[in-house]
Amino acid sequence: MATVQRHLDHPFRRPVAEHSRRAFDELASVLAADSRPRVLDSGCGTGASTLRLAPLHADAVVIGVDKSAQRLGIGQRQAKAADAPRNMLLLRCDLVDFWLLAAAARWRFTQQYLLYPNPWPKPEHLQRRWAAHPVLPSLLACGGQLELRTNWKIYAQEWSAALGLAGISAALDCCDEVTQPDLTPFEAKYRASGHVLWRVRADAAKAAAAA
Ligand SMILES: C[S@@+](CC[C@H](N)C(=O)[O-])C[C@H]1O[C@@H](n2cnc3c(N)ncnc32)[C@H](O)[C@@H]1O
């Protein structure tokens, strides 16, 4: 928790990669005249979850971000299908850069989903987990209702504790209450294998207003 507090106290000053800035700027220009609320599906993989979230947030634009060109390629083909929702966009970008750029541009999301992020379970990788990552303050500055899902209880508990340190109260529950149908391919895979699925929900709107 000392790590989280350090990140909350000290702004993360890593320079943003040029290709990330270009990707973000392109998205910003597409959205410049779009006054709809913005929903973020971070680490969207193939974009299957973005595709499912779009109709659930029909008044918003749902933005799926992932760094994997290969996974996004699958999603982009699906997003171009005639019956795909019109209110979704997929962006290839590193999320660390994306959150830094979005926070600096004072973007506010109404909802941010973090669905089955890479767990990075080794102790030496603690700071790669979003709860202990130096980008956390920027993520929180982007605000909105936060929803994390994971099959690793410790990840959910760490996320919940980190939010608590940031002054955001969080609700942690388990899979029985997680909605069906499965929101993501990883959710489907874990559920089929009998894993317990964990969800943490929190409201970061106040944190964003104070940022
Ligand atoms: C375990 S997969 C989950 C994918 C999807 N959310 C799901 O539940 O099916 C994690 C995803 O996060 C993406 N990812 C991990 N770190 C990232 C980063 N720094 N920037 C962007 N995407 C990242 C990976 O490329 C991968 O697609």
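Helices here are DSSP runs of H or I with at least four residues, numbered from the N terminus. Please keep in mind that this is a predicted model.

On that basis, the protein has nine helices and seven strands. Its radius of gyration is 16 Å, close to the 17 Å that the globule rule gives for 211 residues, so the protein is as compact as a globular protein of that length. Along the principal axes, the C-alpha atoms fill a box of roughly 50 × 40 × 30 Å. As for burial, 43% of the 211 residues count as buried. If we take contacts between residues at least 6 apart in sequence, 77% of them join residues at least 24 apart.

I turn now to the ligand. It is surrounded by 19 residues, of which Gly43, Gly45, Lys67, Thr184 and Phe186 are the closest. By class, this shell comprises eight nonpolar, six polar and five charged residues. Which helix gives the most to the shell? That is α8, with three residues. Both α5, spanning 95-104, and α8, spanning 185-192, supply at least two residues each.

Finally, let us consider Glu187, which lies in helix α8. Is Glu187 buried or exposed? It counts as buried, because it has 24 C-beta neighbours inside 10 Å, and the threshold for burial is 20 or more. Beyond its neighbours within four places in sequence, Glu187 is in contact with Tyr116, Arg149, Asp182 and Leu197.

Conventions: Residues numbered from 1 in each chain as written. Predicted model: local features only at pLDDT ≥ 70, side-chain atom pairs only at ≥ 80, totals over all residues. Near = placed C-beta within 6 Å. Nonpolar A, V, L, I, M, F, W, Y, C, P; charged D, E, K, R; others polar. Rg over C-alpha atoms; globule rule 2.2 N^0.38 Å. Buried ≥ 20, exposed ≤ 12 C-beta atoms within 10 Å, placed from the backbone. Contact = placed C-beta atoms within 7 Å.
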